[in-house]
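Here is a brief report on charged side-chain pairs. Look at the sequence and the structure, then read on.

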Amino acid sequence: MCSSDSLNIDLKALKADDTHLVFSLADDYFSSLEGAEVSKGSVTVALDIHKTADRCFDLSFHISGQVAVACDRCLDEMEQGIDTSARLFAKLGDGYAEDDDLVTVDESSGTLNLAWFIYQFVVLGIPIKHVHAPGKCNRAMIQMLEEHSATRSGDGGRQPAMDPRWSELLKLKETKD
């Protein structure tokens, strides 16, 4: 388990060579951030920090584990595997600023909190489509979806009647051709 405070990296204290850190993040981390997409999970974050210049840093993340997300089909919670890599560049400067993948950290503090960056990398690592394995979705919800879908499997394969407004537009198109 890892608290948000342990995700503070003191960039000024890093040595000239590479630094390797590993964080294990669990449900308490995700719930503390109050993100809309993921509120539970268990991921391991491997972080390699390479000091590229006197005041510049290259942070390479590898994140793997499981997070709980809503199934796109039945809306029940499901576990989704995460295995993603990301990079972030940081430099010490005057004040704090974020610009794409470059973060400027106030030199007086020299501390970079990675909590929200890691959360964003996790969310970006979730596949666009996430559904349960076949047969694992909530049966009641699947039945309700089938009852309310526009094309039902029990209607013999016939097409639903066309809206009269569209048929009039089709007539206009046919007269031009």
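K40 is partly exposed, at 35% relative accessibility. That value falls in the class between buried, under 20%, and exposed, over 50%. The model is predicted.

K40 pairs with E77 in a salt bridge. Their closest N and O atoms are 3.0 Å apart. E77 sits in strand 5, residues 77–93, and K40 in strand 3, residues 40–51. The two are 37 residues apart in sequence, so the pair ties together separate parts of the chain.

## R87 and D58

What is the distance between the closest N and O atoms of R87 and D58? It is 2.3 Å, and the two residues form a salt bridge. This pair also links distant parts of the chain. R87 belongs to strand 5, while D58 belongs to strand 4, residues 56–70. They are 29 residues apart.

Is D58 buried or exposed? D58 is buried, because its relative accessible area of 10% is under the 20% cut-off. R87 is partly exposed, at 46% relative accessibility.

E168 is partly exposed, with a relative accessible area of 45%. K171 is partly exposed too, at 47%.

## The count

How many salt bridges are there? The count comes to 4. Side chains of opposite charge can pair when their charged atoms come close.

Definitions and conventions
Residues numbered from 1 in each chain as written. Predicted model: local features only at pLDDT ≥ 70, side-chain atom pairs only at ≥ 80, totals over all residues. Heavy atoms only, no water. Salt bridge = Lys/Arg side-chain N within 4 Å of Asp/Glu carboxyl O. Helix = DSSP H or I, 4+ residues; strand = E, 2+ residues; numbered from the N terminus. Buried < 20%, exposed > 50% of the residue type's maximum accessible area, 1.4 Å probe, protein only.
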